[in-house]
Amino acid sequence: MFLHSLEHLTPTHKLKRSLLQSSSDENPNSIVPNNAIIILNGTFNPIHNNHLLLLEDARNYLMNELNMNVLGGFITLRADCSVKKKCQGITGNIHEFVSAVHRIKMCQLTVENSDWIAVDEYQALQDHQINFKQGQQQFWRVLKSFYGENCQQSIKVFNVIGVDNLQKCGKHICENLICVVNRECLEFNLEQWRNEFGYRRKVIIVNASIMKPISSTMIRKKFKNGETISSEEMPQSVLNYHLENGIDYKHSLVPQVDEDQDIDVFEKILSHCLQTNLPYIPFQELQLEEKNKDILLGKGVKGEVVPMIYKSKKVAVKRVNLSKKHEHKFGFKQALNHFLMELELLASLKGHENVAECYGISLDGEYGCYILEFCDFQLQEYPSQHFPLTTEQCRSIVLDVAQGMKFIHDNNILHRDLSLQNIMLCKVATDNQKTPTFKAKVIDFSVSKKVDWKVQPPRGSMRRYAPEAIQNSSDYSFASDVYMFGNVVYELTHGHVVFRNHGKVSDVCQLVMRGERPEISKNKTNNDVILQIMTQCWNHDPSKRPSFSDIIEWIMSRVD
């Protein structure tokens, strides 16, 4: 993870500095913990007014009934993996999940006018859900740093929950647990629950000052149904944040960043993206081989790819300049958002042999870096050096690419730039040295998007685009990727670019929209199966093009 200080993640600026010291009547030399910290832990997906009331009611009880000195309170958010799991369990809809970067910001807006409640980001920015013990240890590290090593003798940490969560408590109820009865539970007998087991009587029961039937599930449902949400249910600043960031719990969100955000906030957003399954790799763990220090594996508008060594293994490192001072084609904000979008996609595409693996993310000064699987050849280079390819080689590569693209589509992602340039070959060890065997892998998701993302990234290679996508970029669909796959097959079997006699891309676009397709060489009958697939992929009507499942089945059924 990124190197934030503990105080930064668990802020102490709202804590009272002075501790109230009390001694026991029975033993004047012993210190009675008469100071309290209150913690409200949850997903906050999203936060609402009942959450604040829980903390206020718990504080009032401790101050008025137990005469305790409340030093401060914390809203502690759970990690993204925990929130995703909860959303899938409640409704089965992953779009109801809102990432940590948004949940943190909404919680910060909620408590911005509070003089005693702060937002703890520590758990939210982990790549896994930490357990209760680890969370408590984190708090005590911060408190000891703030109050001194012996503060545990005079401070109690109270955890507060709503009555709806009390039923979920198992036998291992934590010490100093406060339950605020903040809504009616008709099917739950609180007294019967408390008396059933002795350990349950340790829970402090507090009646809420105001009973409001508000829940995060209810708020999400209202957003999805387009219903009005009042400031009685959610702070107006949080409502505005939903509107400004397009949060409606119906569509996946792309992390966004403002032009004036500093590098610290940028790191937090990257941290959020890493919550899925991509680790942060300190750049110091990467080594540049002396013999490869001047080698570029690739270079484009957005960055460059260089070979490096990670854990004794050769990797490809894609470096993207994210400096505000750099002259980005579409501005700093767009460059950073595109970087985060690609990161989000790479995190979704791990574990398939026909999609190049992303091992993690790194920062090299002002460069954001993807640590990628190293491959031996770019497919664009291989046919030109070894043309013509054998029938078996063609079928093997075409099948690999189709399987990789099926995996990409199964993850609800549009590639949008499928070409020989974005397919790599990795050598597979065999006994036959004369005819090497390769595994083809799809790469480069710099202009890719999830189907339900509202954002439209820049287009890929327009020369290879489907007619409907040329006419309107928002019409790009799974079938448009299939069309581009047809062009991959053509260039692989013919050894040259589509419409090679037309230099201007604009001319090619006009030809494609008129229904013309690249000319098929008459001597390609040895590749009849994949050429039939190619022409099916070129159908002018997107609905009549095969899916990648169809293509795979077709190739597999015709293997000799």
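Which loop holds Phe499? Select Phe499 to begin: this residue lies in the loop between α15 (478–494) and α16 (505–513). Helices (H or I, at least four residues) and strands (E, at least two) are DSSP runs, numbered from the N terminus.

The model is predicted: local features need pLDDT of at least 70, side-chain atom pairs count only at pLDDT 80 or more, and totals for chains, interfaces and linings use all residues. Residues are numbered from 1 along each chain as its sequence is written, and side-chain values use heavy atoms, with hydrogens and water left out.

**Stop 1**

Most residues other than glycine have a negative phi, and most peptide bonds are trans. Phe499 is buried, with a relative accessible area of 10%. Here buried means under 20% relative accessible area, exposed over 50%, and partly exposed in between (1.4 Å probe, protein chains only).

Next select Asn67, in the loop between α2 and β4 (69–77). Asn67 also has a positive phi, near 55°. Is Asn67 buried or exposed? Asn67 is exposed, with a relative accessible area of 55%.

**Stop 1: Pro46 and helix α2**

Go to Pro46, in the loop between β3 (35–42) and α2. The peptide bond from Asn45 to Pro46 is cis, with omega near 5°.

Now select residues 49–64, which make up helix α2. The expected span of a helix is 1.5 Å times one less than its number of residues. For the 16 residues of α2 this should come to 22 Å, and the end C-alpha atoms are 22 Å apart, which agrees. Colour the buried residues of α2: Asn49, Asn50, His51, Leu53, Leu54, Leu55, Asp57, Ala58 and Leu62.

**Stop 2: Ser215**

Select Ser215, in the loop between β8 (204–207) and α8 (216–225). At 18% relative accessibility, Ser215 counts as buried. Leaving out residues up to four places away in sequence, Ser215 touches His48 and Arg183; contact means heavy atoms within 4.5 Å.

**Stop 3: charges over rings**

The charged end of Arg17 sits over the ring of Phe146, 3.9 Å from its centre. A charge sits over a ring if NZ of Lys or CZ of Arg is within 6 Å of the ring centre and within 35 degrees of the ring normal. Then show Arg319 and Tyr367: Arg319 lies over the face of Tyr367, at 4.0 Å from the ring centre.

**Stop 4: aromatic pairs**

How many aromatic pairs does the structure hold? There are 8 aromatic pairs. Rings of Phe, Tyr and Trp (its six-membered ring) pair if their centres lie within 6.5 Å; planes under 30 degrees apart count as stacked, over 60 as edge-to-face and the rest as tilted.

Select Phe339 and Tyr370. Their ring centres are 4.7 Å apart and their planes at 20°, so the pair is stacked. Phe339 lies in helix α11 (residues 332–348) and Tyr370 in strand β14 (residues 367–373), so the pair ties together parts that are 31 residues apart in sequence. Phe339 and Tyr370 are buried.

Move to Phe377 and Phe438, an edge-to-face pair with 5.6 Å centre to centre and 80° between the planes. Phe377 is in strand β15 (residues 377–378) and Phe438 in strand β18 (residues 437–442), so this pair links distant parts of the chain, 61 residues apart. Phe377 counts as partly exposed at 22% relative accessibility, whereas Phe438 is buried, with a relative accessible area of 10%.

**Stop 5: the sheet around β18**

Switch to cartoon view. An open sheet of 3 strands has the order β15-β17-β18, with antiparallel pairing. β15 and β18 stand at the edges, each with a single partner strand, so one side of each is left without a neighbour in the sheet. Two strands pair if DSSP finds at least two bridges between them; 6 bridges join β17 (residues 423–428) to β18. Val428 stands opposite Thr437 in β18.

**Stop 6: Val317**

Finish on Val317, in strand β12 (residues 313–321). Val317 is buried, with a relative accessible area of 0%. Leaving aside neighbours within four places in sequence, its contacts include Leu286, Cys369 and Tyr370.
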